[in-house]
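Please open the structure in the viewer and keep the sequence at hand.

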Amino acid sequence: MNGIIYCRVSSKEQIAGTSLESQNAACREYARLHDITVLKVFVEQGESAKFADRTQLIELVNFCRDNKGKVQVLLVWKIDRFARNVGDHFSLKATLKKYGVGVVSVTEPIDANPEGNLLETILAGFAQFDNDIRAMRTVQGMRRKLQEGIFPWKAPLGYKSAKTHGEKKTEPDQPDQPLFGLLQKAWREFATGAYTKSEMGRLMNNWGIQARDGLSLSGQSLDNLFRNRYYAGVLVNPWSGEDHKGLHIPMVSKEEFARVQQILSKRSRRTPHQ
């Protein structure tokens, strides 16, 4: 019998001892005891448990499709390594079954009988419950940061994040000079009403202001920039719509921000052609 191995771990689990090496070793030991020849090992690293973000799992499914009839079993350390919600679990399992591949958890006694099917569903449900709890706690953490005046996401253009290498933010974003000063100048020029949005974009391009990808700011990017209340020192809770005072240094005053909004609103009104 031929098989493949799938290992997945997040950085937090890696620290807690749920290492890729221990998962791989347990799966290989199971394969040795059950005379299973391991054809390939797929290793996933990262926080996300979403199917679309798991490139190795996608490659695994493609491998089983391309080698239909040559692979009989997929070995995982636990059911929650395979999928993080009940729907994904049984959808993936059904897909692999079409290619003649069964899923085996090497640490959980899941038999091919009604009791085993019930246990498998319960374990998949617990995996989804755990994932939902983590997501809820992540949202709660972000909301607390907003209430404290700290923007929990990537700093907008003109600012640099206070966090380093994936750590949680504990300090407000800082001005990213000289870009901060150039954008501040752009806000004030636009607030005079002397420029259209297109003219302002060309002027900013001449000053060397670019998006983070090195390209010129598009019309949509300019619109997002000049409508972003963060630049006026306001943090908006996307879940409740509440406003919170940010601890970061505002790029423009609330009065300048309001004038720019009036300019954008007036110029967005179009008269239909006759």
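The stops that follow go from the whole chain to a strand and then to aromatic rings.

This is a predicted model, in which local features need pLDDT of at least 70 and side-chain atom pairs count only at pLDDT 80 or more, while totals for chains, interfaces and linings use all residues. Residues are numbered from 1 along each chain as its sequence is written, and side-chain values use heavy atoms, with hydrogens and water left out.

**The whole chain**

Begin with the protein chain in a cartoon view, where 10 helices and eight strands make up the secondary structure. Helices (H or I, at least four residues) and strands (E, at least two) are DSSP runs, numbered from the N terminus. Of the chain's 274 residues, 37% count as buried; buried means under 20% relative accessible area, exposed over 50%, and partly exposed in between (1.4 Å probe, protein chains only).

Next, select residues 2–9, strand E1, where seven of the eight residues are buried. Two strands pair if DSSP finds at least two bridges between them. Here Asn2 stands opposite Thr37 of E2. Now show residues 73–76, strand E3, which runs parallel to E1 and is joined to E1 by four bridges. Val73 in E3 is the bridge partner of Gly3.

**Aromatic pairs**

How many aromatic pairs does a search of the whole structure find? The search finds 12. Rings of Phe, Tyr and Trp (its six-membered ring) pair if their centres lie within 6.5 Å; planes under 30 degrees apart count as stacked, over 60 as edge-to-face and the rest as tilted.

Select Phe42 and Phe63, an edge-to-face pair at 5.8 Å centre to centre with 65° between the planes. Phe42 belongs to strand E2 (residues 37–45) and Phe63 to helix H3 (residues 55–66), so this pair ties together parts that are 21 residues apart in sequence. Both Phe42 and Phe63 are buried.

Move on to Phe151 and Tyr230, which are also edge-to-face, 5.1 Å centre to centre and 65° between the planes. Phe151 lies in the loop between helix H6 (114–148) and strand E5 (159–160), and Tyr230 in the loop between helix H9 (219–227) and strand E7 (234–236), so the pair ties together parts 79 residues apart in sequence. Phe151 counts as buried because its relative accessibility is 18%; Tyr230 counts as buried at 1%.
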